[in-house]
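Subject: Structure handover

Hi,

Here is the structure I promised to pass on. Please open it alongside this note; what I found follows below.

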Amino acid sequence: MQDQIRQAVGLSEELEERLFEMQHEAFTLLESGKQDLALAKIEAAWALLPEPKYNTSCSHTILCDLIDILTVVGHYEEARVILAAWRLDQETAGFKIFDTTAFILSAENFLFLNDIDAAIACFRQANAYGATKRDFSGRPAFYMDIAQGLLTESADIRDLFAKIGQNNALLNPADSALSSLLHEQVESHIESGNAYFDDALFLQAIDCWKAALQIIPFPQNVYSETQWLEVAIADAYFFLGDFPKALLHLERAKENKQAIAYENPFIMLRLGQCLLEHQRDKEAAEFLQRAYMFEGQDIFADEDPKYFDFLKMQVQLD
């Protein structure tokens, strides 16, 4: 099983929508300075998740938001406990660890707790599980240096982290507009990627769009540009037939705080298609139906007929 990717347990449409609303409410409260209420809201969302709490279709996004908000309010020890359970769940599930977020967030949490040795250990675990530059996107460059063993001195790590201090973008999620300089750099990579994509050079397009993502500060899901890039990368992987990677980037697109994925018919379409390729038929039908509700049969016009045929078998269409 170690070579297999673990499939998340799907939740009902009603519960997913409620959880999404709670996440949005939590960050709205945070942006207005109501930190205690924001924390209570995201903790309530976490409490609503059924078992297995660390492996549902909403677990990843809620966990990331929960850790972000706990960090903002300075509840580092509480975050440490949750992150330890998250890592343990991944390491004992028996599946390939495909996403290293839990280990990178744990390492950062240990830096806040001034436990440098534990931080180094978690960064190196992330590297051992295959973390790439993309996994460290938007975070301080020295994080990846630690993970790769290029930075080892505790004093140096402590000094570098101290320089971030309260200016760390993690602690300022309300800042959701890229500077004009960063926006121009991102747009340049996007245009290059678009040109490659139009010529069906999908891997080159992905490289360009990932380069654009690396320019966007952390937390990236507060910038609308991030969602576009995640969806574009997912689309390229979809055309390459790499459905696990396509689904991963679509799930990240769903996490965006500035652009609501559920109002985007193309995201709903691609999510449904990728879920169907993963034999997650119930969830696939839900998202394909959402896409159909926005644009009708037209949205399936250029797609493999099997997707619309599947939807017709699952749902009574008007």
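A pocket here is an open set of grid points with protein on both sides within 12 Å along at least five of seven lines, and its lining residues have an atom within 4 Å of a point. Keep in mind that this is a predicted model.

**Largest pocket**

Its volume is about 310 Å³. The lining of the largest pocket counts 17 residues. Nearest the centre lie F98, G130, T132, D135 and L248. Helix α12 (residues 243–254) supplies the largest share of this lining, 4 residues. By class, the lining splits into 7 charged, 6 nonpolar and 4 polar residues.

**Second largest pocket**

This one holds about 190 Å³ of space. Its lining includes N194, F197, D198, W209, W228 and F266. Two or more lining residues come from each of α9 (180–198), α11 (224–240) and α13. The most come from α11, with 5 residues. The lining has 7 nonpolar, 3 polar and 2 charged residues.

**Helices α13 and α15**

Helix α13 (residues 265–277) also packs against another helix, α15 (residues 305–314): their axes come within 11 Å and cross at roughly 85°. Angles of 65 to 115 degrees count as roughly perpendicular, so α13 is roughly perpendicular to α15. Which residues in α13 and α15 meet? From α13 they are Q273, L276 and E277; from α15 they are K306, Y307 and F310. The contact is made up of 3 nonpolar, 1 polar and 2 charged residues.

Best wishes

Notes:
Residues are numbered from 1 along each chain as its sequence is written. This is a predicted model: local features need pLDDT of at least 70, side-chain atom pairs count only at pLDDT 80 or more; totals for chains, interfaces and linings use all residues. Side-chain values use heavy atoms; hydrogens and water are left out. Axes are lines fitted to C-alpha atoms, for helices over the stretch in contact, and angles run from 0 to 180 degrees between N-to-C directions. Angles under 35 degrees count as roughly parallel, over 145 as roughly antiparallel, 65 to 115 as roughly perpendicular and the rest as oblique. Contact means heavy atoms within 4.5 Å. Ala, Val, Leu, Ile, Met, Phe, Trp, Tyr, Cys and Pro count as nonpolar, Asp, Glu, Lys and Arg as charged, and the others, Gly among them, as polar. On a 1 Å grid over the protein atoms alone, a cavity is a set of points where a 1.4 Å probe fits but cannot get out, and a pocket is an open set with protein on both sides within 12 Å along at least five of seven lines; lining residues have an atom within 4 Å of a point. Grid points are joined across faces, edges and corners, and a volume is the space filled by probe spheres set on the points.
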